[in-house]
Amino acid sequence: RRFWSSGNNACFCIPRRPRAVPSGPLRALSDAVVTDLLVPTYSQMLTALKGWLEKAQQQVPTEEAEALLSARLAPDMYPLASQVRFACLQAQEAWFRLKGEPLPESLTELAAAGRAGGDEPLSLADAHACVDRALAFLACLAADELDACADNAVAIELPNGMAFDLTGDQYARDWALPQFYFHLNTAYAILRHKGIDLGKADYVKHMFAYLRPTTAAEESTNKAEEPDDDERGKKSESGSINNKDTQAKKK
């Protein structure tokens, strides 16, 4: 049901019914829940990444927004363009590693472009397309697609010669998710460092699917009692979020 085209780095598939927000508890963590652990996380956070890029486009002139893709947190770190590419790569690579299959050419090219850093320019339109392809890939997966891979042997071999041997569930928990979040968080940090107005509400926007309706009403009622800028910063640092971005600034 999945077809790869290396010419345009696209994945074509027969789409499945969109995943609904869970109405009850997930299976116990002691069960095989590799799919539940990885796929919703990747989908939610890549969707958030798209939102951050959109906010950048809304908040600064086009030329400045495009220039953000060359921005870095430190001189020896990859630019935002690479962080976007690597996050999209990690979200798709897990399927192939867990299944014991080689990466398709489109993903090896994506990895190479990410490692090339500023030598492989990326436009914001390209960044959005890259995220959209990753989201489309994830949408193709069955609800239990990767659960049977929990006990599979996964080998991680790094260019420096180091190698790691893990089971599938160890790979998902100890490598796949940390690697994904590293690049995702670095992308967020670059945008904030460059002055893009983002906050906790942008980072975990998916949490509002679980928002208790009565607390949303209270937020609307208390709108006139919002704290000043210093107090907002304190509340944001303590971990509060709400449906007004202004409450989640300074993070």
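Me: How many cavities of 30 Å³ or more does the count come to here?
Reply: The count comes to two cavities of 30 Å³ or more, and this is in a predicted model.

Me: What volume does the second largest cavity have?
Reply: The second largest cavity has a volume of about 30 Å³.

Me: And which residues line the second largest cavity?
Reply: Its lining consists of Leu-38, Val-39, Tyr-42, Ala-91, Ala-94, Trp-95, Phe-137, Leu-138, Leu-141 and Leu-146, and by class these divide into 10 nonpolar, no polar and no charged residues.

Me: Which helices each supply at least two residues of that lining?
Reply: Helix H1 (34–59), helix H3 (80–99) and helix H5 (124–139) each supply at least two residues of the lining of the second largest cavity.

Me: Switching to pockets, what is the volume of the second largest pocket?
Reply: The second largest pocket has a volume of about 560 Å³, and its lining is made up of 22 residues, of which Phe-86, Leu-89, Gln-90, Arg-115 and Gln-179 lie nearest its centre.

Me: Which element gives the most to the lining of that pocket?
Reply: H3 gives the most, with six residues, while H3, H4, strand S3 (153–157) and helix H6 (168–193) each supply at least two residues of the lining.

Me: How does the lining of the second largest pocket split by class?
Reply: The lining of this pocket has 12 nonpolar, five polar and five charged residues.

Me: Let's look at H4 itself, which of its residues are buried?
Reply: In helix H4, which spans residues 105–115, the buried residues are Ser-106, Leu-107, Leu-110, Ala-111, Ala-113 and Gly-114. They cover an arc of only 160° around the axis, and therefore they sit on the same side of H4.

Me: Why do residues three or four places apart point the same way in an α-helix?
Reply: An α-helix has 3.6 residues a turn, so residues at a spacing of three or four places point the same way.

Me: What follows H4?
Reply: H4 is followed by Gly-117, whose phi is positive, near 60°.

Me: Now Tyr-181, where is its place?
Reply: Tyr-181 has its place in helix H6, and it counts as partly exposed because its relative accessibility is 26%, a value that falls between the cut-offs of 20% for buried and 50% for exposed.

Me: Leaving aside neighbours within four places in sequence, which residues is Tyr-181 in contact with?
Reply: With those neighbours left aside, Tyr-181 is in contact with Thr-41, Met-45 and Tyr-203. As for C-alpha positions, Tyr-181 and Ala-87 are 7.6 Å apart in space, although 94 residues apart in sequence.

Me: And Val-204, is that buried or exposed?
Reply: Val-204 counts as buried, because its relative accessibility is 17%, and it is found in the loop between helix H7 (200–203) and helix H8 (213–221). Its C-alpha atom is separated by 8.3 Å from that of Gln-44, which is 160 residues away along the chain.

Me: How much of the chain do buried residues make up?
Reply: Buried residues make up 41% of the 251 residues, while the chain exposes about 13,700 Å², of which carbon and sulfur atoms supply 53%.

Me: What share of the contacts with a separation of 6 or more comes from residues 24 or more positions apart?
Reply: Residues 24 or more positions apart account for 71% of those contacts in the chain.

Conventions:
Residues are numbered from 1 along each chain as its sequence is written. This is a predicted model: local features need pLDDT of at least 70, side-chain atom pairs count only at pLDDT 80 or more; totals for chains, interfaces and linings use all residues. Side-chain values use heavy atoms; hydrogens and water are left out. Helices (H or I, at least four residues) and strands (E, at least two) are DSSP runs, numbered from the N terminus. Buried means under 20% relative accessible area, exposed over 50%, partly exposed in between (1.4 Å probe, protein chains only). Contact means heavy atoms within 4.5 Å. Accessible areas come from the Shrake-Rupley method with a 1.4 Å probe; for residues, only the protein chains shown count as cover. On a 1 Å grid over the protein atoms alone, a cavity is a set of points where a 1.4 Å probe fits but cannot get out, and a pocket is an open set with protein on both sides within 12 Å along at least five of seven lines; lining residues have an atom within 4 Å of a point. Grid points are joined across faces, edges and corners, and a volume is the space filled by probe spheres set on the points. Ala, Val, Leu, Ile, Met, Phe, Trp, Tyr, Cys and Pro count as nonpolar, Asp, Glu, Lys and Arg as charged, and the others, Gly among them, as polar. The arc is that of the directions from the helix axis to the C-beta atoms.
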